[in-house]
Amino acid sequence: MKRRTIIIFLVIALAIAGFFGYRAWRTAQAQANSTFQTEKITRGNLTAIVGATGTVRANQTAVMTWQTTGQIGEINVAAGEQVSTGDVLGRLSLSSLPQALILAEADLVAARRALENLQQSGLARAQAQLALSQAEDELDTALSKRTSKDYSRASELTLEEARTRLSLAEDEVARYEDLYDQVKNFSSDNTTRLNIYSALLNARRQLELAQANLRYLEGGPNPLEVEQADATVALAQAKYDDALREWDRIKDGPDPDDVRAAEARIAAIEASLAMSTLTAPFTGTITEVNSKIGDQVTPGTNSFRLDDLSRLLVDVQVPEADINRLEVGQPVVMSFDAILGKEYNGKIVEVGRVGATVTGIVNFKVTIELSGIDSDVLSGMTAAVNIVINQLEDVLLVPNRAVRLKDGQRVVYLLKLGVPTAVPIELGAQSDLTSEIVSGDVKEGDTVVLNPPTQFEAGQPPFMR
């Protein structure tokens with residue numbers, strides 16, 4: 001009886017202790033729960049984005065500067081005007097230009113005339129043909145003369161003629177010697193004696209010439225004559241080769257190289273003359289006019305700025321972790337600090353393929369084209385860009401604030417019986433506020449703690465700490 005009474009008292013005491021302990025735990029848990037911020041896990045749609053900032057720029061921009069010295073004589077545009085490619089924006093006074101530019105006008109006329117003659121005149125072709133013919137004749141003559149050096153100086157007929165002339169000269173000398181023998185005893189001033197003696201001397205001279213001519217004709221060419229003949233052939237051959245090359249070059253019309261050279265001379269002169277004017281390199285809007293008529297300019301003086309505002313672009317830098325999720329054509333939503341209450345759409349038109357490292361962070365350039373813009377959007381404005389990388393429907397969503405990293409694993413704290421309990425999860429796409437839960441022991445309607453205490457051990461009641 002006594003033992004049974006003791007057991008009863010012990011059971012009652014434990015029950016009373018458990019009751020008051022449970023009340024204390026519930027009170028402590030209620031006090032702890034009152035400090036937790038919670039939210040339900042839901043299903044819904046998710047728009048995954050990559051955020052960045054950039055500056056609006058025109059599709060194309062050009063700053064026009066002068067390339068020579070002079071005084072502005074014309075300004076044909078004002079800021080805000082539309083211009084087309086090739087329109088003259090400004091021009092320098094002719095009298096203020098350097099002399100070389102003024103004379104370039106005359107050089108241009110001469111260069112154009114030279115090109116026209118090259119393309120249309122047949123004079124050069126006729127001259128080349130004549131030069132080739134003459135060179136061919138000279139070469140044939142030189143070859144013929146050189147060939148003759150391989151034989152005697154004269155034919156047999158020429159030698160026979162030379163021998164005949166020698167025989168006649170010998171007979172003439174003999175005749176006058178006989179005549180002179182008849183008068184040689186006359187006085188030295190006798191006219192007959194003097195005339196016969198003069199004739200004798202002349203006959204002897206003709207005999208010497210005939211003898212020398214026959215000896216020359218009977219002999220062969222000497223080495224010097226052969227060398228001279230070879231040199232003459234070489235010179236004639238070189239002239240012929242040059243004439244033939246020139247003929248081959250232009251026989252079918254102007255040489256393309258000559259035409260290109262003539263066109264290059266014209267282009268060079270036109271480029272020099274163009275330094276006195278500034279023209280629009282593309283169609284666009286004049287956004288700056290920095291000069292007035294009468295201003296003195298020097299090379300590098302900036303007078304105009306031209307922008308192609310038909311397309312507005314924004315360049316942003318995207319971290320390497322996100323770059324492979326971007327591609328051309330993805331939609332973009334933009335907002336501007338200078339334009340309150342409006343959002344603008346756009347799309348990616350270029351994704352950089354080479355990253356740039358800045359302060360240890362690798363970023364890639366991404367170019368976005370705005371669409372549906374109005375007059376409020378101006379080049380140079382700063383844009384906040386949200387690039388839509390994925391659109392998901394009916395997925396399990398968790399607030400980003402609820403996700404924690406524990407032992408290298410992403411977890412959320414579910415509130416179970418008033419106690420935050422860590423549950424490992426795997427995330428998919430993310431937006432600014434929520435993320436997709438790909439896997440994990442969670443379901444729609446579970447309560448997640450947004451601010452679990454870092455020192456709290458999940459599942460351990462406060463009274464057991």
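Mentor: Start with aspartate 137: its relative accessible area is 47%, so it counts as partly exposed (buried is under 20%, exposed over 50%, partly exposed in between, with a 1.4 Å probe and protein chains only). Keep in mind that this is a predicted model, where local features need pLDDT of at least 70, side-chain atom pairs count only at pLDDT 80 or more, and totals for chains, interfaces and linings use all residues. Residues are numbered from 1 along each chain as its sequence is written, and side-chain values use heavy atoms, leaving out hydrogens and water.

Trainee: Where is aspartate 137 found?
Mentor: In helix H3, residues 123-148 (helices are DSSP runs of H or I, at least four residues; strands are E runs of at least two; both are numbered from the N terminus).

Trainee: How should I read a salt bridge?
Mentor: Side chains of opposite charge can pair when their charged atoms come close. The cut-off here is a side-chain nitrogen of Lys or Arg within 4 Å of a carboxyl oxygen of Asp or Glu. The structure holds 15 of them.

Trainee: Which residue does lysine 342 form a salt bridge with?
Mentor: Aspartate 374, with the closest N and O atoms 3.2 Å apart. Lysine 342 sits in strand E11 and aspartate 374 in the loop between strands E13 and E14, so the pair ties together parts 32 residues apart in sequence.
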